[in-house]
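Thanks for coming. I will go through one model today, starting with its metal site and ending with the overall chain. Please have a look at it first.

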Amino acid sequence: MPTDPDCVFCKIVAGEIPCHKLFEDEHVLAFLDVNPLSEGHALVIPKQHYATLDAVPADTAAAIGAALPALAHAVLNATDATDYNILQNNGAPAGQDVFHVHFHLIPRQPGTDRQDATPGHGLPARPWPAQKVDHEKAAALAERIRGAIGS
Ligand code: 5GP
Ligand code: ZN
């Protein structure tokens, strides 16, 4: 099993660092984030150490995919939240601090505006710096990506 002795999440999997555990199976561990954006902010991780999502094998990815909806259901049932974000950062420029793959499940406090950045209210959302698509470039890009799938 790939592990990294310096990785905080590998230490949580090994029980060397405590956590508020929510769920566990063969491939996956879920626990509360130690610095929550809102009540119920949870992390879902593979038990094995992979730095970013593109490195995760299909069976582990499938287990994460199965755990996320079940955990979302449980967090909504156990809190006042009815809305939430799933956030997954890969690479330091993309906001990743812990280099062991993890999915954030971040409940949104009921009644808050999507841009509300008050601590405890969840993840502030749009405006994003979106642009208009260039369809000619998009068609060529989609062809390159399709050709790279499975490579
Ligand atoms: P990232 O910025 O890499 O997407 O998110 C890392 C997350 O891991 C942060 O939200 C941070 O609060 C959380 N975290 C870091 N160290 C620990 C820890 O020791 N225990 C728990 N439960 N969460 C942690
Ligand atoms: Zn790790």
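A definition before the site itself: donors are N, O and S atoms within 2.8 Å of the metal, or 3.2 Å for Na, K and Ca, and water is not among the atoms, so sites may look incomplete. This is a predicted model, where local features need pLDDT of at least 70 and side-chain atom pairs count only at pLDDT 80 or more, while totals for chains, interfaces and linings use all residues. Residues are numbered from 1 along each chain as its sequence is written, chains are lettered from A and ligands numbered from 1 in the order in which they are written, and side-chain values use heavy atoms, with hydrogens and water left out.

In sequence, the donor residues of the zinc ion (ligand 2) follow the spacing C-x2-C-x38-H-x50-H. They are Cys7 (SG), Cys10 (SG), His49 (ND1) and His100 (ND1), at 2.1 to 2.3 Å from the zinc. Cysteine 7 sits in the segment before helix 1 (8-13), and histidine 49 in the loop between strand 3 (42-46) and helix 2 (58-78), so this pair, 42 residues apart, links distant parts of the chain. Helices here are DSSP runs of H or I with at least four residues, strands are runs of E with at least two, and both are numbered from the N terminus.

What is the arrangement of the four donor atoms? It is tetrahedral, because the angles are 105 to 117 degrees; the criterion for four donors is that all angles lie between 85 and 135 degrees. For reference, the ideal tetrahedral angle is 109.5 degrees.

Are cysteine 7 and histidine 49 buried or exposed? Cysteine 7 is buried, at 6% relative accessibility, and histidine 49 is buried too, at 17%. Buried means under 20% relative accessible area, with a 1.4 Å probe and protein chains only.

Now ligand 1. It is surrounded by 16 residues, the closest being Leu32, Asp33, Asp97, His102 and His104, where the cut-off is a heavy atom within 4 Å. A backbone N or O atom of leucine 32 is 2.9 Å from a ligand 1 nitrogen. For valine 98, a backbone N or O atom is 2.9 Å from an oxygen of ligand 1. A side-chain N or O atom of histidine 104 lies 2.8 Å from a ligand 1 oxygen.

Last, the chain. It has three helices and five strands, in the order α-β-β-β-α-β-β-α. The C-alpha trace spans about 50 × 45 × 25 Å along its principal axes. Of the 151 residues, 31% count as buried.

Terms used. Tetrahedral: all angles 85-135°; square planar, octahedral: opposite > 155°, others 65-115°. Buried < 20%, exposed > 50% of the residue type's maximum accessible area, 1.4 Å probe, protein only. Polar contact = N/O pair within 3.5 Å; in protein donor to acceptor, adjacent residues only side chain to side chain.
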